[in-house]
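Subject: Structure handover

Hi,

Here is the structure I promised to pass on. Please open it alongside this note.

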Amino acid sequence: MNPLLTRLIQRIRTRLRRLIGKNARTVWISHPIFTQSRPDTHHPESPQRISAIEAALKAENIWPRLQKTVAPEINDSRLALVHPRNYLRFLESVQPQPGKIYRVDDDTVISHQSLEAARFAAGALIKAVDMVIQKKAHHAFCAARPPGHHAQSNRAGGFCIINNIAVAAMHAIAEHRLQRIAIIDFDAHHADGTLEIFKDDPRIMLLDSFEADIFPFPKENIPTGRNPHIVHTPLKAGTDSRRFRTVIREQWLPKLKQFKPELVLVSAGFDGHKQDQTSYLNLHEADYAWLTHKIIQTASSCPGRIVSALEGGYTSESLGKSAAAHIRVLAGMRKAAYVTEYQKQLKH
């Protein structure tokens, strides 16, 4: 396409979005503190995860299409909607001195600035929720760490300290009076923390896909409490693109459409990619683009209100490619050539 025509089309789209009350661009929310949480030298949840995504976005020319803003630190009153104050005091009490670490368990390591980073990570989600609801952004991606979906109300675990997605949901309820919030978790690991927090809250829909035989090793019959909107989608090791897409079509999309969410929160874990070393799933970066498109299409009750937060994804190359595929769709850009080519392969 002629470059001048392309720029003209982009300007027209920008003006149309402003006329209907939307900011022209999806927002990327991050903060320098996220690179300062350093569990230890060889820990998979490393600061390089965010730089890998940023590099992929720049390589695919997605970066210029995003507006960028800095995450604020969350206040204790917002955190207390999810985490009891005695748990927050415990985290403060075990914060190590510079150069030292504190091990919550074999996997979860707190460094000197991990708690501060976690507070800003939760703050990123709060800001994202406010921006999409106030139509200051059309979707949001929070490039934040440490991740959060394994953190229970009063216990850290699985690399997670504060449950960022849960904090965002409770903020949306408390501040914006929303009553139907869908949390979609496609991380390769079961969202045991998010489940523990919302198992009895029917205002929250939780759609959770995960490999069944890896951490946190969920039981065959996972309790769901009194919340009728929880859907567990266990996947077998080796699950490929065709099987994954079939399961999503059959188990998630009809329920999401019926629920009619006012806001969609995404726990975006990219560790199901076939190159990631922490799971045995066999997904492709194009699967994350496909799923993102289906979420946007199905959650038509809340256009522009998708807030995505980084969870897993621990192999730099596949993390960058998968997150870029996901963010490209959030930003409303046309399909990448590799997505189109992969979809052709799946049809044969």
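Leaving aside neighbours within four places in sequence, which residues is His171 in contact with? First, the ground rules. This is a predicted model, where local features need pLDDT of at least 70, side-chain atom pairs count only at pLDDT 80 or more, and totals for chains, interfaces and linings use all residues. Residues are numbered from 1 along each chain as its sequence is written, and side-chain values use heavy atoms, with hydrogens and water left out.

**His171**

Beyond those sequence neighbours, His171 touches Arg78, Leu81, Ile126, Val129, Asp130 and His176. Contact here means heavy atoms within 4.5 Å. His171 sits in helix α6. Its relative accessibility is 3%, so His171 counts as buried. The cut-offs are under 20% relative accessible area for buried, over 50% for exposed, and partly exposed in between (1.4 Å probe, protein chains only).

Eight strands form an open sheet with parallel pairing, in the order β2-β1-β5-β10-β9-β6-β7-β8. Helices (H or I, at least four residues) and strands (E, at least two) are DSSP runs, numbered from the N terminus. Two strands pair if DSSP finds at least two bridges between them. On average, neighbouring strands of this sheet are turned by 15 degrees against each other, direction ignored. Axes are lines fitted to C-alpha atoms, for helices over the stretch in contact, and angles run from 0 to 180 degrees between N-to-C directions.

Two pairings to look at. β1 (residues 27-30) and β5 (residues 140-142) run parallel over three bridges. Ile29 has Cys142 of β5 as its bridge partner. β6 and β7 are also parallel, joined by five bridges. There, Ala182 is partnered by Met205 of β7.

How many residues of β7 are buried? Eight of the eight, so β7 is largely enclosed by the rest of the structure. Ile204, Leu206, Asp208 and Phe210 cover one side, with Met205, Leu207, Ser209 and Glu211 on the other.

Helix α6 (residues 164-176) lies across β6 (181-185), β7 (204-211), β9 and β10, at about 170 degrees to β9.

The axes of α5 and α6 come within 9 Å and cross at roughly 45 degrees. That makes α5 oblique to α6. Angles under 35 degrees count as roughly parallel, over 145 as roughly antiparallel, 65 to 115 as roughly perpendicular and the rest as oblique. Residues making this contact include Ile126, Val129 and Asp130 of α5 and His171 and His176 of α6.

Helices α8 (residues 241-259) and α11 (residues 337-347) pack at about 90 degrees, axes 11 Å apart. They are therefore roughly perpendicular. Ser241, Arg242 and Arg245 of α8 meet Tyr342, Gln343, Gln345, Leu346 and Lys347 of α11.

Best wishes
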